[in-house]
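Colleague: I'd like to go through a structure with you and ask how you back up the words you use for it. Can you put it up?

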Amino acid sequence: MKKYFTIICITTLLFCLLVSGETVTREAMAGESISIKDAAGRSVEVSLPIKKLVVLTSDALEIIRALKAEDLVIGVYSDISRNSQFWPKLKDKPKVGNWKGLNYELVAELNPDIVLCYSQRPGRDMERKLEPFGVKVIRLDFFRLGTLEKEVAVLGRILKKEKEAMDIIAWYRKNLELIQKGLKNISDQPDVYIEGDSKYHTAGPGSGGHEMCVLAGGHNIASNLSIPYPEITPEWILMNNPNLIVKTTTKSTCGTSYSMTDAIPLKRIRDRVMARPAWENIRAVKENKVFVMANEIWTGPRAIIGTGYMAKWFYPDAFKEFDPKKLHKEYLEKFQSIKYQGVYVYPNEN
Amino acid sequence: MKDICEQYKGVTRKKLSFVIFLAALLFGVALIALSQGASSMGFKDSVTAIFQDSGIAHAIIWKLRLPRIIMAVLVGGGLALAGTVFQAILRNPLASPYTLGIASSAGFGAVTAIIFGGSFYSEYLIAGNAFFFALLSSFFILSIAKLKSYTPETMILAGIAIMFFFSSLSSLFQYMGTVEEVHEIVFWFFGSLSKVGWKEIGVASVMILLPTPIILRWSWDFNLLAAGDESAKALGVNVTRIRMLGMVFASLITAAAISFAGVIGFVGLVAPHIARMVIGGDHWFLFPASALVGAVLVLTADTLGRTLWAPQVIPIGIVTAFIGVPFFFYLLMKKTRQYW
């Protein structure tokens, strides 16, 4: 009996030692722990340093590359192979899922420190499922100009790339100021109709597109509607008679813009917009002011470039010197370390 | 004897007057639809604009409102007519483009076209692909039915299996899609008549209006089919042939309607029932009545959808269900005897 008691005592003691030893080593490894606010406004505790990242959105991936933290990425969103030229170093990393969901087993196996995704998708059960594996979920959008700077700063803090984050933010601010300066002396705001991929679906307040239009000094004719992406009647567009039309298009409708070599696909989209029934009565069509913009520079990390193009289209005289293409080139070469190529707007800027 | 004849005439007159009432109703709704919209044109301006030959009012009426109204009538009428045919040849009150898998296969066609960037090559590729897949699935059902000698049960079962197959394929593609693609797919499934112009009407009217007289001519055969295959055969109806051709024509009409307007196949289920509850199962009257009910339903839904919350459009698929379902329940509760 005494023997058993001793054995039990020793085992318990050993177990306690083991457990406490484990916690000690963990704490020692954990180092500093910070609390950040994600895009949904929730506080998340993150233990630094972050060594391994899984990224579910291309927007976040672009910011990570701009922070020079590309090497930390061990898992990427599955669609990355569609745009392999743009992601020469990351295209072959394990594909773990997309903005809607992910392969939990694969993520557990990769054992990242954090998973980066949008604030709304995938759903909240992701946090619960990944918690047992010690994987934190960080939700950052990077598709709204209004919150972009804040999100970049947060990611910079997490990845200990504060200096790089400041560089990007400074670049954004510089160009935003440049646009604001150009808009200083304007009087008449042009009426603008924005259309996404689907015919007669516009961008109302609450959408990233509306925000860009306003920043570029345009008056969005949908600015007093109540939903972000409503379908509207063609007649309403006709009655509002916009001065300009900006049609945006995603990768799927014209391949990826980065790998595109000619503007024919964008031209085709523009021709079709201009040929819509009764649209010959719209000022924008009469005056040939219908513009097509690729999704890459629409809402997202490169929204500032899209905004620059819009400002130039809205006020060609005030922005004569302003060159959005140069801006884009600078962004890709300096922050993304890839060469500038592709077609992003039609008609071309020159 | 004379009394019975009188009675029959009385019943027929009642049915005929219902059809005439519906036609008048449709005309009235069309006039209202023509005068409602984002512009401030009143009823009188709208009507006079029909006869102008230029100007913005002319463009709005002739290029935007009129095509929309005509397409709503074509789509609503076509779907209802096809639904009546499906319900008659399958002798099943639940038969509709949904239960036969035509709606979901058309949806899959649209989804693939969207995912593979169809709208880049041609604006009609989405509609064309939806049409192709709708026909593909109905021919698949037909060939299965042919192997199993055209019993309504096999056709319905095959249809439901097809429905599940194509909806899960669509879900798979949606799951893989980007944010923008998923948006576009969802919009397509909501249905919309905003994209309709005269060209679309040309194509749709050929596919919807050509099979219609043939279907109407078979009204007697459809009546006899209701008594059961054996009785219909005994009375000289070529049951197999009428079932197959009926299926082909109804699929053609459905496919055309769905591919241009989105999945509003609900009309095909509910309009025939509404008509049947009022005038009974005689296909001579049932066909025109249910086509008119369908047309009124879709036109009313589209007009409400684009005016209630203007300039934002409430998708037609949603409004159709909102106004169709309560009305359907109302009739269902009012009806005392079993009507099917």
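Modeller: Here are your questions with my reasoning, and do keep in mind that this is a predicted model.

Colleague: What makes the contact of Arg65(B) and Glu235(A) a salt bridge?

Modeller: The rule asks for a side-chain nitrogen of Lys or Arg within 4 Å of a carboxyl oxygen of Asp or Glu. Here the N to O distance is 2.4 Å, so the pair passes the cut-off. Across the interface of chain B and chain A, the rule finds 2 salt bridges.

Colleague: How do you know that the length of helix α7 of chain B fits its number of residues?

Modeller: Residues 152–176 make 25 residues, and at 1.5 Å a residue they should span 36 Å. The end C-alpha atoms are 36 Å apart, so the two values agree. Some of its residues are buried, among them Met155(B), Ile162(B) and Phe166(B), and their cover includes α3, α4, α6 and α13 of chain B.

Colleague: Why are β10 and β14 of chain A called edge strands?

Modeller: The open sheet runs β10-β9-β12-β13-β14, and β10(A) and β14(A) each pair on one side only. For β10(A), the partner is β9(A), in the parallel sense over 2 bridges.

Definitions and conventions
Residues are numbered from 1 along each chain as its sequence is written. Chains are lettered from A and ligands numbered from 1 in the order in which they are written. This is a predicted model: local features need pLDDT of at least 70, side-chain atom pairs count only at pLDDT 80 or more; totals for chains, interfaces and linings use all residues. Side-chain values use heavy atoms; hydrogens and water are left out. Two strands pair if DSSP finds at least two bridges between them. Helices (H or I, at least four residues) and strands (E, at least two) are DSSP runs, numbered from the N terminus. The expected span of a helix is 1.5 Å times one less than its number of residues. Buried means under 20% relative accessible area, exposed over 50%, partly exposed in between (1.4 Å probe, protein chains only). Contact means heavy atoms within 4.5 Å.
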